[in-house]
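Hi there,

I promised to pass this one along, and here it is at last. Please have a look at it first, and then read on for my notes.

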Amino acid sequence: APLGLVVKKGPLLLFVDPSCELCRELHHLLQQPRLQDVLGTVEQRVYLVPRALCDEHSLLAHEFVDAAGNELSNDAARHHDACIAARVLYCIEKLTPGVGPTALEAAFRLQDSRAGFAYFDFEALVAALRNAGALSGPVDTLRSCVDGEDVARDIADAQRYLRDWVQAHGGRLGLPQAFVVPVVGGRLDMQQAWQARDAEKIFHILRSSAAEP
């Protein structure tokens with residue numbers, strides 16, 4: 001970095017699909033007590049990236065492709081309606097800041113409780129959120145948010161953000177994806193981000209950062 005800029009390992013960016021079993025596994029691993037002495041000091045940002053087209057007004061089918069033009073949609077994500085889960089999770093955090101991790105855990109549990117069926121629909125998600133204590137009262141406000149244009153646009157932006165990274169590196173979309181991002185001159189620098197797809201790699205990157213003077 002140019003002289004005078006402060007460079008440090010910064011936030012942990014996580015890209016997950018609620019219908020993704022490996023995403024669920026990573027979420028659980030990151031809750032391990034042995035990781036909290038390091039993870040507890042790092043800002044974590046979770047981006048919901050369904051591997052399906054959620055709103056073609058926000059992201060066209062021919063845009064959601066890898067560097068070779070192969071579609072990044074996934075049959076399982078479409079079947080289980082990862083889009084409605086992403087919308088509900090986005091909105092519950094927007095309406096009740098801080099409840100997102102609990103809500104995400106509740107959504108992941110539907111992968112087991114609805115085995116043999118599509119994991120997600122609005123009613124199943126509402127019931128799961130209520131059982132987890134992440135939602136109380138009427139659901140009208142949540143439904144209005146879920147159906148709104150803002151959530152569609154922001155989810156498409158997250159899909160587009162990760163798509164751009166995949167295209168730039170000539171790969172296909174694999175989830176979960178995690179990036180430990182340097183802060184350069186007060187801004188995140190994705191060009192120098194450390195990529196990781198498992199908890200151990202994340203832990204080692206962050207631990208080495210903590211050991212730096």
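This is a predicted model: local features need pLDDT of at least 70, side-chain atom pairs count only at pLDDT 80 or more; totals for chains, interfaces and linings use all residues.

**Helix 5 and helix 6**

Two packed helices are described by the angle between their axes and the distance between the axes. Here helix 5 covers residues 100-113 and helix 6 covers residues 122-131, and their axes come within 9 Å of each other, crossing at roughly 125°. Angles from 65 to 115 degrees would count as roughly perpendicular and those over 145 as roughly antiparallel, so helix 5 and helix 6 are oblique to each other. Their crossing is right-handed.

Which residues make the contact between the two? From helix 5 come Ala103, Ala106, Ala107 and Leu110, and they meet Ala124, Leu125, Ala128 and Leu129 of helix 6. Sorted by class, that contact has eight nonpolar residues, with no polar and no charged ones.

**Salt bridges**

Side chains of opposite charge can pair when their charged atoms come close. Searching the whole structure turns up twelve salt bridges, and I would like to point you to a few of them.

Since aspartate 112 sits in helix 5 and arginine 24 in helix 1 (residues 21-29), the pair ties together parts that are 88 residues apart in sequence. Are the two partners buried or exposed? Aspartate 112 is partly exposed, at 49% relative accessible area, while arginine 24 has 14% relative accessibility and counts as buried. The cut-off for buried is under 20%.

Another salt bridge joins the side chains of glutamate 43 and arginine 45, at 2.9 Å from N to O. Glutamate 43 counts as partly exposed at 43% relative accessibility, and arginine 45 counts as partly exposed at 27%.

Finally, have a look at arginine 153 and aspartate 154, whose side chains meet in a salt bridge at 3.5 Å, N to O. Arginine 153 is partly exposed, with a relative accessible area of 41%, and aspartate 154 is partly exposed with 28%. This pair belongs to a network: salt bridges with shared partners join Lys94, Asp150, Arg153 and Asp154.

Best wishes

Technical notes: Residues are numbered from 1 along each chain as its sequence is written. Side-chain values use heavy atoms; hydrogens and water are left out. Axes are lines fitted to C-alpha atoms, for helices over the stretch in contact, and angles run from 0 to 180 degrees between N-to-C directions. Helices (H or I, at least four residues) and strands (E, at least two) are DSSP runs, numbered from the N terminus. Angles under 35 degrees count as roughly parallel, over 145 as roughly antiparallel, 65 to 115 as roughly perpendicular and the rest as oblique. A crossing is left-handed if the near helix is turned anticlockwise from the far one by less than a right angle, and right-handed if clockwise. Contact means heavy atoms within 4.5 Å. Ala, Val, Leu, Ile, Met, Phe, Trp, Tyr, Cys and Pro count as nonpolar, Asp, Glu, Lys and Arg as charged, and the others, Gly among them, as polar. A salt bridge is a side-chain nitrogen of Lys or Arg within 4 Å of a carboxyl oxygen of Asp or Glu. Buried means under 20% relative accessible area, exposed over 50%, partly exposed in between (1.4 Å probe, protein chains only).
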